[in-house]
Each structure stands twice: as structure tokens, then as C-alpha cells.
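Please read it with the sequence and the structure open beside it.

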Number of protein chains: 2
Amino acid sequence: MAILDAAKVQFAEYGYHGATIRAIAAAAGVDPALVHHFYGTKEHLFAAAMELPVTPSEAITAALSRREPGSSLGTHMVRSALALWESAGARSSLQAMLRSALTSEQAAATLRDFMTEGILRPLASVAGGATPDRASFRASLIATQMLGLAVGRYVLRFGPVAQASPDELAAAIGPVIDHYLTSDIS
Amino acid sequence: MAILDAAKVQFAEYGYHGATIRAIAAAAGVDPALVHHFYGTKEHLFAAAMELPVTPSEAITAALSRREPGSSLGTHMVRSALALWESAGARSSLQAMLRSALTSEQAAATLRDFMTEGILRPLASVAGGATPDRASFRASLIATQMLGLAVGRYVLRFGPVAQASPDELAAAIGPVIDHYLTSDIS
């Protein structure tokens, strides 16, 4: 518990890039090896401090490896994200993350850096696999659609998007993700 | 000023549907006709209380009437929304709206009702004009993409989406809005 408290303080004060396992361990009064032993990488430690159920990069990698035959990559990504969110208390995690980003510019910067490393980078490697141009722009476009889906469905809960089944949403939004992954976007 | 303060209290307490011009006028100690004279409809009064630069339904209607020849409806909608947001301090309005929705379930419900009346309904009439099936589902899908774009670009400001020009974003996201307006989405 002391480690997570120290991590929260360090991430809030120095941002995702500035915080180090070494400084967090020192603040908690433990050896850095102990922090590594319990939490693994900095991404894992941040996910634990933010009370995320999984690290985004692992969720993306795992989802891609379980792709069903006949399902487009975009449809599969939407379905996987919804399965994770439905089961994992997405609403409270999302609210906590958005609330911290709205509270201060530093918190927004921390979340932005974490999303860049944990979400946009693995997405960009997928996007770059299909068509190598503008992979990070493609990844951030995907992030806008998925972010809007999550906020619209779980936080604001507006109408049909909150009531639709995961399959309906995957069928409607999957082609959009495929468009961002592979179409000519300029 | 007393009218707007009374409006904020009534909207927070009774929601968008529950609050009435009559009750707001009574709370402010003025005649309802005065409220109508200064603020027009309930939508206008809500927009003023939330410090929105325009009412969403008027912005949507105005944008649609100024559509350039050769530009798809989706591309035009993205370009119009960006033009409005860039000029109108979108960041602070968005932050205020999201913060209130995160603060309480009642505030989220009020915002949801307002968005349904002010954004989803005019969008649904556009979507229904192209293909009449599932207009409100189509409208709410468009809302997820535009909400995610706004939050990603102005609040979290992640990478390429924050740096891209409005034209680049309109070119990339316009076809997505067209897809939600007209494609087979089931």
C-alpha cells in the first residue's frame, strides 16, 4: 500500500515519464527490486496506481492474438474492448481517469504520456503493419473513436449507444476502426 | 444574473426535462415572460447557464445550410464542428461539462437529456433523411466520434490528433460520419 501511495504521488508530481521506480521505492522506503518484484514495469505500476484492471498494451496484444477467423481487425478490436470494459468496472475507472485529467494540467499530461506509451504505440504498430504511412495519426484517430464510445456508453450513457449490444456496436464501429487502420486518410 | 443562477440550480436539481422556465422565473423572482424575452427557449437558457457559445441544434442547422459543393456531408460536419470549437474556447466548456457530469449522476442525466434534445435529435433527422432506419442509433454513433475527437484534441490533447489541422481531421474523420449516416450498420 505504501508503494502505491508513493507511486500516485510521484506520478502526480513528475508525470509518467518523470517518475521512476527508483524514486518511488525511495519514497516508500523500500528497495527498488521489491517494487519490480511486485509490480513489474512502470506501466504495470501505473496501472495498479490508477486501479486499471489490466495494462492497456497487454490487453491490446492479447486481444489481437485471439482474433476470430472471418472477423475484421476493427470489429475484433471493438468487441474485445467492450468485453473488457463490460467486465471490469469501466465506468468507475473511466470516471477516475477523466476526473484526474480534468483536475490539473499535470494529471492530463501524465495520462496523455501513459496513453501514448500504453495505447497509441501498440496500436500504431498494428496500423503500421497494414499501411506504414502515418501510423501514429491512425492510432490517435482510433483512440478518439474508442474514447468517445467509452465516455458515451459508460459515463454519459446516451441513448442507443448505452443500450446497444456489444455485437451491434462491433458491427457498426468495426468498419470505422478498419478505415483508420488501412484507408487513405489524407 | 439572478436568472442564470436560478437556472443552474433548477437544472442541477430537476434535470433538463424537469426544470421549467416558469419555476426558474419564480426562483429568480421575475416574470416568465422576462426569461423568455432574454433567453428564448429552454435550450437557449440551458446553453447560457452552461456558458456554451451557441446552442448545439442551431450550430448543426447552420452548418448544414452552409455546406460547400463537393464536400461530403460528414466532412462538412467535422469541419464545421472544428471551426466552432477552435474559435469558441471549446476546452473550458468541455471541461466544465465533463466535470459536472462526473460530479453527480443527476448532472450526467441533465447533460444526457440536453444532448439528446439538442444534438442527437437534429442529427437523427439528418441521418433519417439519408436512410430512415435506426436514425437515433446513427446519431448517437456520430456523437461518440465527435465527443472522442473533442476530448482527445482539447482535453487530453493526445499527439497527432491535437496537432493535426482541421482539414486533415475533416479528411480522415468525414468518411466515418458518412458511414454512420448512410452505410448498412447492422
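**Notes on the interface and the chains**

1. Between chain B and chain A there are 10 residue pairs in polar contact, counting those pairs in which both residues have a pLDDT of 80 or more. The residues that make up the side of chain B touching chain A divide into 27 nonpolar, 9 polar and 7 charged. This is a predicted model, and the values in the points below should be read with that in mind.

2. As for where that side of chain B comes from, at least two residues each are supplied by α7 (90-103), α8 (105-130), α9 (135-155), α10 (159-163) and α11 (166-182) of chain B. Of the elements of chain B, α9(B) gives the most to the side that touches chain A, with 13 residues.

3. On the extent of the interface, 43 residues of chain B are in contact with 43 residues of chain A. The area buried between chain B and chain A is about 3,700 Å², and carbon and sulfur atoms give 69% of it. Of the area that chain B buries against chain A, 20% is supplied by B:L102, B:L156 and B:F158, which is more than any other three residues supply.

4. Which charged pairs cross between the chains? The count between chain B and chain A is 2 salt bridges, and A:R134 forms a salt bridge with B:E168, in which the closest N and O atoms are 2.7 Å apart. Over all chains, the structure holds 6 salt bridges.

5. Within chain A, a salt bridge is formed by A:E86 and A:R153, with the closest N and O atoms 2.9 Å apart. This pair links distant parts of the chain, since A:E86 lies in helix α6 (residues 73-87) of chain A and A:R153 in helix α9 (residues 135-155) of chain A, 67 residues apart.

6. How are the two copies arranged? Chain B can be laid on chain A with an RMSD of 0.0 Å by a turn of 180 degrees and a shift of 0.0 Å along the axis, and the two copies are therefore related as by a two-fold rotation axis. In chain B, the C-alpha nearest that axis belongs to B:G148, at 1.8 Å from it. Because 100% of the interface residues of chain B are also interface residues in chain A, the copies meet through the same surface.

7. A local detail in chain A concerns A:D31, which is found in the loop between α2 and α3 (32-39) of chain A. The side chain of A:D31 reaches the backbone nitrogen of A:A33 at 2.9 Å, while A:D31 and A:I21, which are 10 residues apart in sequence, are 9.7 Å apart in space from C-alpha to C-alpha.

8. On confidence, the mean pLDDT of chain A is 83, and 92% of the residues of chain A reach 70 or more. For the complex, the predictor gives an ipTM of 0.79 and a pTM of 0.80.

Notes
Residues numbered from 1 in each chain as written. Chains lettered and ligands numbered in written order. Heavy atoms only, no water. pLDDT = per-residue confidence, 0-100. Contact = heavy atoms within 4.5 Å. Buried area = accessible area lost by both parts, 1.4 Å probe. Salt bridge = Lys/Arg side-chain N within 4 Å of Asp/Glu carboxyl O. Polar contact = N/O pair within 3.5 Å; in protein donor to acceptor, adjacent residues only side chain to side chain. Helix = DSSP H or I, 4+ residues; strand = E, 2+ residues; numbered from the N terminus. Nonpolar A, V, L, I, M, F, W, Y, C, P; charged D, E, K, R; others polar. Least-squares fit on C-alpha atoms with pLDDT ≥ 70 in both.
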